[in-house]
Amino acid sequence: MPGLGTSFGRGGATTFAMDMKNADSILIMGSNMAECHPVAFRWVLQAKTRLTNPCTVIHVDPRFTRTSAMANVYAPLRAGSDIVFLGALINLVLEHLAPLFQKKPEERSERERFFHDYLVHYTNAPTLVTEEFRDTEADDLAGLFSGFDAEKQKYDINKWRYETEPAGRESTSEPEEKGKGYSFAMQVGKLVGPRPTQDLTLQHERCVFQILRRHYRRYTAELVEQVCGTPRETFLNVANTLLHNAGPDRTGAICYAVGWTQHTVGVQMIRAAAVLQTLLGNIGRPGGGILALRGHATIQGCTDIATLYDIQPGYLNTPSALKHHETLRDYINTETSATSYWSNLPKFIVSQLKAWFGDDAKAENDFAYDYLPKLTGNHSHLPMFVDMMKGTIKGFFVMGQNPAVGGQNASFQRQALAQLDWMVVRDLYETETASFWKDSPEVKNGTLKPQDIQTEVFFLPAAAVAEMEGSFTNTQRLVQWHNKAVDPPGDARSDSWFTYHLGQRLKKLYADSQEPRDRPIKALVWDYLDPPANEEWRIKDEPSAERILKEINGYPWTPGQPLQGKPLVSFADLKDDGTTACGAWIYTGIYAPTTDDPAGHNFAANRRGDDWVALDWGFSWPANRRLMYNRASADVQGNPWPKEARLAKEFAQAGGPPRRGYVYWEAEQKKWVGLDIPDFVLNKAPDATAQPHGVGVAYHDGASPFIMKADGKAWLYVPKGLVDGPLPTFYEPYESPVKNIVYKQQSNPCTLTWKVPGNPYAAVATPEYPHVLSTYRLTEHHLSGTMSRWLPWLAELQPELFCEISPEHAQEIGVNNTDWVVISTPRGSIRAKALVTRRIRPYQLKERQVHHVGLPWHWGYKGLTTGDVVNNLSALVGDPNVTIHEAKVFVCQVARG
């Protein structure tokens, strides 16, 4: 999420799958889209098979996959080298664009005017950076940015800030008067600072555009060949295709998945794509954008509402004991971006507190802000298991997860489970996690003895999707409702049933407690049962998913009456005075009143669509818009670009509503209109000037499409928000078969590592582990196999674990197709059948040839089809921004089994 969030303002996909059919080029990288997202891939194929001006589909991947087979261009590259490939694309685009900024306006062609206006007005390319900033290109920094503390392995990101104009005045609001209620609006107003300095000619040596040019100058086609192993001609073909398909009348899209996220530089890989798409003028425009391909059905929804430890619903940062978050006022001061739409953060957090704690959340007690637990460190999955191994964590709920197979260094994680006092597992089948204590590999080899394991395991049967009502939020932020088809068998219950009744029991347990620490549970609003008349068809005491949705949507607060009153229509209706309650502000509008349903209509259940934007199919956050940042689909004056005008005309001819463009300014109506919900202040004219000391979006002018950013611009350079650098920079994976030839710095200097017993790492370029290993997914299996290895028809389609190796590699080790091989890393060894295939190739790098190994990771030791756990091989090592693991690239040895 930070890769897209720091670039554009929100961490979700900027576009939607149906819009892929309008692309002129599609670059799929970090994804085997045809295999892992086959439904979305249909729109890619529609683009490719257009009768006029068919789209060019490009696939860049270490393996030749089902996606490669459907692409026009396949570019092989070594896993983990993506930033060199993307950096060289950025370099070529920058050098292509640089001359046009030295031309006089009247000398520029229509295409050149487009790039000039897009970069100057819609991005931070003209913004100057402080003199304290020094780039990785400085010889004495050896591949690091300024501000790095080697002892702490952390950057002082203040060294990367913008250069700002002198402040006109210290504050934009009057000082607080004693004895009067505190105004959050006044508080936010005081946070407005001086404006960044700009050079609109893009010639100043410290403007972002020139910093980018210097940073990426070393990223060349030759370097791509030496580091990625990609043939030079193939790379240049990709570059020319992307450049040709960009401009006022053409757009290109990029699709990625976990092939980019699961790296120690995963956030920066996505940032590199954001830089490239921004330079090409593809963000906020139909046929363009970045489609972040999430995992299974509602991974996007999980982060929205939010299962991650460090964010609250709607992407509000979790209060932290490590930040200046002592009071609600402190939290708002620290977290609010006063010159973006995030200036409304007080409304979001106060309404959330009201939704959670009801009448207990009032101005006198900071709206129960102290009820929220505060972070004391990194509590994500990897360090959680390290703490579990140490005995710090005593209990563990496992719901919709199977870490005994899906966790990195899975043997370590299984052994950590043995240190718990108790564990609750809710799943469809008895998973490897539920039974680790009796049948894990560690039990079979004697590392763990069941009689010594004190972990008390509670296995509770869960209901499947068809056995409950609820919603899925898919990869394009689209929420779709699903109805219950049948009752779950026996004692199986939905996750909402379990969570609701657990909460009820805790509230009963603490009902008479006078301890302040128990107050949050006592105050918790927990009112999700429908009146009895509406429950005949439900399992007894099944909570209403629609009541939960209403709380998420938001409603006016009536004292003593939670979930009463007409639902809110928009997040613009939220207040910071305790008069509104809202569970997740980005979802407001999903359960809003209509003429036919004044008590609230479930827009996620809408099923009236068209063959493109389809605003009446489901609900897409925020505000049901499908293409985010769509103010950029019009020029500076608010008129649609030529492509947008053409697509709108074609859509109208096919039966869609008549429009001049996708989103554009309608002068007569004095508002933004179009085929989509405008992602902009509705009545803000294109020529509106920025208010000198304006708060929120008033700080932006009418040609600043990125309203969630402090300056209203897309960030090519990130002055704050990331911990490992303001610009994407190539570092080798933490485990690599070769040394970094781009910089002296070998790997990401801020990489998170856990040098604990049971988690050894391989040395750089060690001959003991000379090959690159990547894990991946199959269409026929689902994640750790819990939902597929128990089903006979899927088990039959993919019956056993295999290891893909090239014919050259097989010949070296004396292996034939279907022979057993042993794959080893410093963490352990597994067996698999060899699949000898030319879909895998050796990579000739500058230093030497490197073999690549591919392993699907779905098998475990339970189910109808079993196999060794591939994640026994992977390590506990993470990206410093989000702590995601690096399972897409590490080193291994392959030997005849």
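My entries on helices, strands, backbone and single residues follow.

**Ground rules**

I am working from a predicted model, in which local features need pLDDT of at least 70 and side-chain atom pairs count only at pLDDT 80 or more, while totals for chains, interfaces and linings use all residues. Residues are numbered from 1 along each chain as its sequence is written, and side-chain values use heavy atoms, with hydrogens and water left out. For helices (H or I, at least four residues) and strands (E, at least two) I took the DSSP runs, numbered from the N terminus.

**Entry: a helix pair**

I began with helix α5 (residues 82–97) and helix α10 (residues 232–244), whose axes come within 10 Å and cross at roughly 50°. Axes here are lines fitted to C-alpha atoms, for helices over the stretch in contact, and angles run from 0 to 180 degrees between N-to-C directions. I therefore noted α5 and α10 as oblique to each other; angles under 35 degrees count as roughly parallel, over 145 as roughly antiparallel, 65 to 115 as roughly perpendicular and the rest as oblique.

Which residues of α5 meet α10? I found Phe-85, Ala-88, Leu-89, Leu-92, Val-93 and His-96 in α5 against Phe-235, Leu-236, Val-238, Ala-239, Leu-242 and Leu-243 in α10, where contact means heavy atoms within 4.5 Å. The residues of this contact divide into 11 nonpolar, 1 polar and no charged.

**Entry: a parallel sheet**

I next looked at an open sheet of 3 strands, ordered β10-β11-β12 with parallel pairing; two strands pair if DSSP finds at least two bridges between them. The edges are held by β10 (395–399) and β12 (456–461), each with a single partner strand, so one side of each has no neighbour in the sheet. From one strand to the next the twist averages 10°.

Strand β11 (residues 422–427) runs parallel to β12 and is joined to β12 by 6 bridges, and I marked Met-423 as standing opposite Val-457 in β12. Helix α21 (residues 495–509) packs on this sheet and touches β10, β11 and β12, its direction making about 150° with that of β10.

I then turned to strand β14 (residues 478–482), where 4 of the 5 residues are buried, so the strand is largely enclosed by the rest of the structure. Buried means under 20% relative accessible area, exposed over 50%, and partly exposed in between (1.4 Å probe, protein chains only).

Strand β13 (residues 470–473) pairs with β14 in the antiparallel sense over 4 bridges, with His-482 in β14 as the bridge partner of Gly-470. The two strands form a hairpin with 4 residues between them, and Arg-477 in the turn has a positive phi of about 70°. β14 also pairs with β19, again antiparallel, over 2 bridges, and there Val-479 stands opposite Phe-619.

**Entry: backbone exceptions**

As a reminder to myself, most residues other than glycine have a negative phi, and most peptide bonds are trans. I recorded a cis bond joining Ile-305 and Ala-306, with omega about 25°, and placed Ala-306 in the loop between α13 (299–305) and β8 (311–312). The bond from Trp-621 to Pro-622 is also cis, with omega near -5°, and Pro-622 lies in the loop between β19 (619–620) and α24 (642–653).

Asp-366 is not a glycine, yet has a positive phi of about 60°; this residue sits in the loop between α15 (345–357) and α16 (381–390) and, at 24% relative accessibility, counts as partly exposed.

**Entry: two single residues**

Is Ser-343 buried or exposed? Ser-343 is buried, with a relative accessible area of 14%, and lies in the loop between α14 (328–335) and α15. Apart from neighbours within four places in sequence, its contacts include Val-188, Thr-336, Val-695 and Gly-696.

Leaving aside neighbours within four places in sequence, Ala-272 is in contact with Leu-86, Ile-90 and Pro-728.

Methods. Ala, Val, Leu, Ile, Met, Phe, Trp, Tyr, Cys and Pro count as nonpolar, Asp, Glu, Lys and Arg as charged, and the others, Gly among them, as polar.
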